[in-house]
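Dear colleague,

Please find below the structure that I am handing over to you. My findings on its helices and salt bridges follow.

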Amino acid sequence: MRIKTGSRIYRSDSEKLRIIQEVLSGKLSKDAAQRKYGIKGHSAITNWMRSFGIREPLKGSVYMSKSNKEQENPEDLTARIKELEEALKLAELKSEAYSKMIDIAEEKFSLKIRKKLSTKQSKP
């Protein structure tokens, strides 16, 4: 049920929920729903969703479940974990090597390469 007062249209909760359902089901985008139903506020639908306690899915997120054929094999997952652990070990070794190189360069050339964390930026 819609009640028009001046230039403002008040919609019933059931109508708001129906519009929200169309948007969440993917039948309409928010913009398309605003045009179709003459909703003026650009964030009206989002505000309705908040007032009903409906959380909006993240933008750009696509939720797909894998079929039984596509489920990951436990052996594949174990192999992937080992692969990632090896990559992590290599990254940690590289980090340690870079840190040691900086220590040697600072000592040998009497340079301060590392930035002090407690320094304040100068004001222009």
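Helices here are DSSP runs of H or I with at least four residues, and strands are runs of E with at least two, numbered from the N terminus.

Please note that this is a predicted model, in which local features need pLDDT of at least 70 and side-chain atom pairs count only at pLDDT 80 or more, while totals for chains, interfaces and linings use all residues. Residues are numbered from 1 along each chain as its sequence is written, and side-chain values use heavy atoms, with hydrogens and water left out.

The side chains of Glu83 and Arg80 form a salt bridge at 2.8 Å, N to O. A salt bridge is a side-chain nitrogen of Lys or Arg within 4 Å of a carboxyl oxygen of Asp or Glu. Glu83 counts as partly exposed because its relative accessibility is 48%, and Arg80 counts as partly exposed at 42%. The cut-offs are under 20% relative accessible area for buried and over 50% for exposed, with partly exposed in between (1.4 Å probe, protein chains only).

The whole structure holds 7 salt bridges. Another of them joins the side chains of Arg11 and Glu15 at 3.7 Å, N to O. Arg11 is buried, at 10% relative accessibility, and Glu15 is buried too, with a relative accessible area of 9%.

Turning to helix packing, H1 (residues 13-25) and H2 (residues 30-37) pack at an angle of about 140°, their axes lying 9 Å apart. Axes are lines fitted to C-alpha atoms, for helices over the stretch in contact, and angles run from 0 to 180 degrees between N-to-C directions. Arg18, Ile19, Glu22 and Val23 of H1 meet Lys30, Ala33, Lys36 and Tyr37 of H2, where contact means heavy atoms within 4.5 Å.

Lys36 counts as exposed, at 55% relative accessibility, whereas Glu22 counts as buried, at 14%. Arg18, Glu22 and Lys36 are linked in a network of salt bridges.

With kind regards
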